[in-house]
Amino acid sequence: AQSVTQPDIHITVSEGASLELRCNYSYGATPYLFWYVQSPGQGLQLLLKYFSGDTLVQGIKGFEAEFKRSQSSFNLRKPSVHWSDAAEYFCAVGAFGDYKLSFGAGTTVTVRA
Amino acid sequence: DAGVIQSPRHEVTEMGQEVTLRCKPISGHNSLFWYRQTMMRGLELLIYFNNNVPIDDSGMPEDRFSAKMPNASFSTLKIQPSEPRDSAVYFCASTPTSGNNEQFFGPGTRLTVL
């Protein structure tokens, strides 16, 4: 069974600074990987996804993530954070032929002025 | 596309009452998921359906919880009787048949059981 670990529960970053959120997964085959964002009081919105091919994936809102098979990681990055990026971020892993996703515990991002 | 629709958005009820949460998945999506989100336990998968058939209900906490999907455009999650520890945000999500696992989430129902 697949699983996801997000080591950072909470990250505080200054507006304009770079952001990196860590995600490690456990899965035997090639995983499907996702990053979702949840703003307060909202549902989860897909930021980006990786299925195969180029290991650097571009998403919405200026986010990108890099799949590193050797490290079993799929870290999310943004070069310059905006105050509106304050939210909770979830990494998720899935497998071909299995409709379920396994979600990490989430990382809360606070943006300070 | 209207996205996944959930109703009600907020529900406040008293312990012992029956609660029914509703979900309309995106048209054409064949898989539907119910999640529960709490501060303590995070996001938990309760049950998921494929082609209206329950495939995995191992996450349903106990017999007080039940879910149905009578057709491709409607699903319900029922709690009877409700208890204060059921207070949480319940999300519905749907996935198309392409098998790429991308799930589209609804806005959630915030349930408070007094």
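## An exposed arginine and its buried partner

B:Arg41 is exposed, with a relative accessible area of 58%, in this predicted model. Its side chain meets that of B:Glu44 in a salt bridge, with 2.7 Å from N to O, and the two side chains are also joined by a polar contact of 2.7 Å. In contrast to the exposed B:Arg41, B:Glu44 counts as buried at 14% relative accessibility, because the limit for a buried residue is under 20%.

B:Glu44 is found in strand β5 of chain B, which covers residues 42-50. When its neighbours within four places in sequence are left aside, B:Glu44 is in contact with B:Trp34, B:Tyr35 and B:Arg36.

## Other salt bridges within chain B

Over all chains, the structure holds 14 salt bridges. One of them pairs B:Glu62 with B:Arg85, where the closest N and O atoms are 3.2 Å apart. B:Glu62 lies in the loop between β6 (53-56) and β7 (65-71) of chain B, whereas B:Arg85 lies in the loop between β8 (74-79) and β9, so the pair ties together parts that are 23 residues apart in sequence.

The two partners fall into separate accessibility classes: B:Glu62 is partly exposed at 26%, and B:Arg85 is exposed, with a relative accessible area of 55%. Both belong to a network of salt bridges that links B:Glu62, B:Arg64, B:Glu83, B:Arg85 and B:Asp86.

## The interface of chains A and B

The contact between the two chains involves 19 residues of chain A and 19 residues of chain B. Together the chains bury about 1600 Å², of which 55% is on carbon and sulfur atoms. On the side of chain A, the residues A:Leu44, A:Tyr99 and A:Lys100 supply 39% of the area buried against chain B, more than any other three residues.

Across this interface there are 4 residue pairs in polar contact, counting pairs with both residues at pLDDT 80 or more. The strands β5 (32-38), β6 (44-50), β10 and β11 (98-103) of chain A each supply at least two residues of the side that touches chain B, and the largest share, 5 residues, comes from β11(A). By class, this side of chain A has 11 nonpolar, 5 polar and 3 charged residues.

## Salt bridges between the chains

Which side chains meet in a salt bridge of 2.5 Å, N to O? They are those of A:Lys49 and B:Glu102, and the interface holds 2 salt bridges in total. A:Lys49 is partly exposed, with a relative accessible area of 33%, while B:Glu102 is buried, with a relative accessible area of 9%.

## One disulfide in each chain

The count of disulfides over all chains comes to 2. In chain A, a disulfide joins A:Cys23 to A:Cys91, with 1.9 Å from S to S. A:Cys23 lies in the loop between β3 (19-21) and β4 (24-26), and A:Cys91 lies in strand β10 (residues 87-95), so the pair ties together parts that are 68 residues apart in sequence. The torsion about this S-S bond of A:Cys23 and A:Cys91 is about -65 degrees, so the disulfide is left-handed. A:Cys23 is buried at 0% relative accessibility, and A:Cys91 is likewise buried at 0%.

In chain B, B:Cys23 is joined to B:Cys92, again with 1.9 Å from S to S. B:Cys23 lies in strand β3 (residues 19-24) and B:Cys92 in strand β9 (residues 88-95), so this pair ties together parts that are 69 residues apart in sequence. The disulfide of B:Cys23 and B:Cys92 is left-handed because its S-S torsion is about -65 degrees, and both B:Cys23 and B:Cys92 are buried.

Definitions and conventions
Residues numbered from 1 in each chain as written. Chains lettered and ligands numbered in written order. Predicted model: local features only at pLDDT ≥ 70, side-chain atom pairs only at ≥ 80, totals over all residues. Heavy atoms only, no water. Disulfide = S-S within 2.5 Å. Helix = DSSP H or I, 4+ residues; strand = E, 2+ residues; numbered from the N terminus. Buried < 20%, exposed > 50% of the residue type's maximum accessible area, 1.4 Å probe, protein only. Contact = heavy atoms within 4.5 Å. Buried area = accessible area lost by both parts, 1.4 Å probe. Salt bridge = Lys/Arg side-chain N within 4 Å of Asp/Glu carboxyl O. Polar contact = N/O pair within 3.5 Å; in protein donor to acceptor, adjacent residues only side chain to side chain. Nonpolar A, V, L, I, M, F, W, Y, C, P; charged D, E, K, R; others polar.
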